[in-house]
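Hello,

Here is the structure I promised to pass on to you. Please have a look at it first, and then read my notes below.

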Amino acid sequence: MSITQKAAASLARQTARQQVPALRQTAALVPQRNYADSASTSHANFHSPYRRGTGDRPDTTHIPSFKKYRAGNETGNKVFQYFMIGAFGGLSALGAKDTVQNFLVNMSASADVLAQAKVEIDLASIPVGKNVIVKWRGKPVFIRHRTKDEIKEAEDTDWQKLRDPQADSDRVQKPEWLIMLGVCTHLGCVPIGEAGDFGGWFCPCHGSHYDISGRARKGPAPLNLEIPTYEFSSDEAVVIGA
Ligand code: FES
């Protein structure tokens, strides 16, 4: 580099240094000028609810008011809310009722099952002193046409001292007809008729004895043979399960 070129570069640097403060001042003024320009636009009329304080210093502790955004009629709003809650509650209750109703209808016995719920027996075909076993709801039912001596024996028994105290009159509707479930009350075996120490029924499974009224008299059976629901549809017919 020649001496002339060096002198020219030095002169240019010195001139630039002298102009730096003036450039800085100009740069600082630019945002202010821009802000002033923006104030002249349509946004200048907008007052933010968050902007408080003076100048460019907003008051950050101020809580803005949103009153103008609230609905004017609070009562009307509440009435609408109550109506919606009531309507949805009613619809939910209706749906729940239908669900429960459908469930109960599905779970109830069908017509063919209900038809088996009752069985009618012709009593005229059962001689005095004989047993008949019929099937009812999958269980055996004993029907005994008792003799006069058997009736007397059943009625004369001192039933208060039995393990399951029950008078014979409480177990029969007509003294000559003894009708009961043929299921041992010990563990559910089917007792044998006209057997045992009391002239009634005997369960061979564990040795329970029942008398001529079907009452437990000896062995592990805790209760008398169960009496099913029945009614006499005529003098010579009975309906079990009525
Ligand atoms: S089941 Fe009849 S005595 Fe046990």
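Before the details, a word on the source. This is a predicted model, in which local features need pLDDT of at least 70 and side-chain atom pairs count only at pLDDT 80 or more, while totals for chains, interfaces and linings use all residues. Residues are numbered from 1 along each chain as its sequence is written, and side-chain values use heavy atoms, with hydrogens and water left out.

The overall picture: the chain has four helices and 12 strands (DSSP runs numbered from the N terminus, with H or I and at least four residues for helices, E and at least two for strands). Of its 242 residues, 23% count as buried (under 20% relative accessible area, with a 1.4 Å probe and protein chains only). Among contacts (heavy atoms within 4.5 Å) between residues at least 6 apart in sequence, 51% join residues at least 24 apart.

Now the aromatic rings. There are two aromatic pairs, counting rings of Phe, Tyr and Trp (its six-membered ring) whose centres lie within 6.5 Å; planes under 30 degrees apart are stacked, over 60 edge-to-face and the rest tilted. Phenylalanine 142 and tryptophan 201 are stacked, because their ring centres are 5.9 Å apart and their planes lie at 5°. Phenylalanine 142 belongs to strand S5 (residues 139-145) and tryptophan 201 to strand S8 (residues 199-203), so this pair ties together parts 59 residues apart in sequence. Phenylalanine 142 is buried at 3% relative accessible area, and tryptophan 201 is buried at 2%.

The other pair, tyrosine 230 with phenylalanine 232, is edge-to-face, with 5.8 Å between centres and 90° between planes. Tyrosine 230 is buried at 7% and phenylalanine 232 at 19%. The charged end of lysine 174 sits over the ring of phenylalanine 232, 4.4 Å from its centre (the rule asks for NZ of Lys or CZ of Arg within 6 Å of the ring centre and within 35 degrees of the ring normal).

Finally, look at arginine 146, in the loop between S5 and helix H4 (148-156). Arginine 146 is buried, with a relative accessible area of 2%. A polar atom of its side chain lies 3.3 Å from the backbone oxygen of isoleucine 212. Leaving out residues up to four places away in sequence, arginine 146 touches residues including Val128, Asp168, Glu176 and Ile212.

Best wishes

Conventions. Buried means under 20% relative accessible area, exposed over 50%, partly exposed in between (1.4 Å probe, protein chains only). A polar contact is a pair of N or O atoms within 3.5 Å; within protein, one must be able to donate a hydrogen and the other to accept it, and residues adjacent in sequence count only if both atoms are side-chain atoms.
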